[in-house]
Amino acid sequence: MLNLFKIEWLKIKTYRTFWVLFLGFLVFYPVAFYLTAYKYMEQMTSSKSLEEQVLKTLVDPPFVFPKVWQSAGWMGGLFFIIIGMLFILLITNEVQYRTHRQNIIDGWSRMDFLKAKFSMLIFFVGVGTLLVFIMGLVVGKVFSDPGTDMFTNIHMVGYFALMAALYLMLAFLVAILIKRTGLSIIIYFAIVCIVDNVLWLVFTLKDSQAGYFMPLEVVDSLLVNPFKPKLMEKRTVADYTLVIATLIYISAYAYIIIRYFKKTDLKT
Amino acid sequence: MDKVSFSVPSNTVFGILGPNGSGKTTLLGIVMDILKVSGGSYKWAGNESTDKMRKHIGTLLETPNFYHYLSGEDNLKIAAKIKGKGENDIERVLQTVNLFERRKSKFNSYSLGMKQRLAIASTLLGDPDILVFDEPTNGLDPAGIAEIRDLIKDLNRQGKTIIMASHILDEVEKVCTHVAIIQKGVLKTVGSVSDVLNTSGTNAVLIELSATDNKQLTNTLQQMAGLESISEVDQGIEIICPENITAEQINKFCFDNGIILSKLNVKRKSLETRFLEITGKQSDR
């Protein structure tokens, strides 16, 4: 796997679009997260209005331990969509320039090609998770009272890793099936931003828990919006159930990808 | 492809010949595991095909496929790594195709001919014993074409087996020792070039002729016994006939029928004649 990753790295290390999007995530997410935390804390400490005081009691402070882990993961997820787009691009580029054919002709098996891309997926998830951990730690340290327990809720970082993996597996699936860069990205965004949320809403309005098992909502529900008051949370499904469901989704996507790519003709 | 079956003798330059759309690239795509088949099998060097085996075959399929934002050299590094070969062969292969000077330039800045050269360089990585070229002289200038043909002959002299698909008959005739002719996915004939040329039961020859009124000439020739085919071409008529019909006989027949020929040219029997006999004059598309 490491060998395959090294070859993938050769492919992208001088690819400008890769660096623009990758650095975009590495820079914008931490800056946005820190600034949001800063502004929020500033407002909370200075506000005297009744409205804001009420809100304060409804919502746990999102940027201090232990909730900061959830906030870091949730906001990391928003920015990680950039990486989803980048991952799609890296796969559809291969199809567009027929380099996926050439890789096979040169002696990779079709599984080698998929494994190489999967090694990139692990790389992105790893980097993203590390960044979420660092941001949680830094922001938590800055805004929490000294001596606050840091490690309660740190499993939220693990939830982020799971979320990142599921989002990229979906991107992988869309890219392999659709092949065209533009269309793949549009479909990916449609699923991420619209389809999944609409399905969730429909089920939740019907007072059903099924909405929490939608393809992406399953993991989004583990890292909910930290600004959302607890009273609005209607989920009764346990975290571990959603973790298992997420792993099932990841396996299902992997199964479809492998089955399709092993049997398909490699055309553009 | 419909029941195409043949074997390629080692140390030959084996041409796969066919009109546009006949299935040459499809055939090569199948043996490279790019295309999946509903039935049939193939072997490389007598063994069942594996992914590993392809690492030891140099293949150029259809168009050069490289990462457009990487230099020629970096692209070859990727190919070498996939093939499990060292990077120290890259300089040699780039020198062989005269691309060493431009090795640092990005692939998308290359001309069509340079892209083709890079693709050929890539096939030479690790000095494989089997090479597969699909239209290897595509996009090359006349000097480039001659160089690549010499390279192919040279590789063959070194004992390599070369499989080459082409629709350029002249190319196949100049370079190949063996040939298979495919049309609409069906194998029409296969064997050494000399065998294929001489197995036309009648040993036909091609004769070009013309007169002031070519229509009248065609009508007249249709009366003559023994001709295999008559077709109008650009500036005259081509006939294919058995060797025993001589130019004199044709000249006399025309003269006796009131036609004076302005041109009468017996062409040596070429692969082109044979190819057209086999595939007909219609393109498949």
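**Helix packing, chain contact and cores**

In this predicted model, the axes of helix α1 (residues 2–12) of chain A and helix α3 (residues 72–83) of chain B come within 10 Å and cross at roughly 170 degrees. Axes here are lines fitted to C-alpha atoms, for helices over the stretch in contact, and angles run from 0 to 180 degrees between N-to-C directions. Helices (H or I, at least four residues) and strands (E, at least two) are DSSP runs, numbered from the N terminus. α1(A) and α3(B) are therefore roughly antiparallel to each other, a label for angles over 145 degrees.

Residues I7(A), L10(A) and K11(A) of α1(A) meet D74(B), K77(B), I78(B), K81(B) and I82(B) of α3(B); contact requires C-beta atoms, placed from the backbone, within 7 Å. By class, this contact of α1(A) with α3(B) has 4 nonpolar, no polar and 4 charged residues. Ala, Val, Leu, Ile, Met, Phe, Trp, Tyr, Cys and Pro count as nonpolar, Asp, Glu, Lys and Arg as charged, and the others, Gly among them, as polar.

Between the two chains, 24 residues of chain B are in contact with 20 residues of chain A. On the side of chain B that touches chain A, α2 (51–54) and α3 each supply at least two residues, and the largest share, 7 residues, comes from α3(B). That side of chain B has 11 nonpolar, 3 polar and 10 charged residues.

Chain B contains 11 helices and 12 strands, and its C-alpha trace spans about 75 × 40 × 35 Å along its principal axes. Of its 285 residues, 36% are buried, that is, with 20 or more other C-beta atoms, placed from the backbone, within 10 Å of their own. Among contacts in chain B between residues at least 6 apart in sequence, 72% join residues at least 24 apart.

The largest nonpolar core has 64 residues, of which F87(A), I88(A), L166(A), L168(A) and A171(A) touch the most other members. Such a core is a set of buried Ala, Val, Leu, Ile, Met, Phe, Trp, Tyr and Cys residues joined through C-beta atoms within 7 Å. α7(A) gives the most to this core, with 18 residues. Apart from this core lies another, of 62 residues, among them F113(A), I57(B), V93(B) and A180(B).

Residues are numbered from 1 along each chain as its sequence is written, with chains lettered from A and ligands numbered from 1 in the order in which they are written. Local features need pLDDT of at least 70 and side-chain atom pairs count only at pLDDT 80 or more, while totals for chains, interfaces and linings use all residues.

Methods
Angles under 35 degrees count as roughly parallel, over 145 as roughly antiparallel, 65 to 115 as roughly perpendicular and the rest as oblique. A residue is buried if 20 or more other C-beta atoms lie within 10 Å of its own, exposed if 12 or fewer, and partly exposed in between; C-beta atoms are placed from the backbone.
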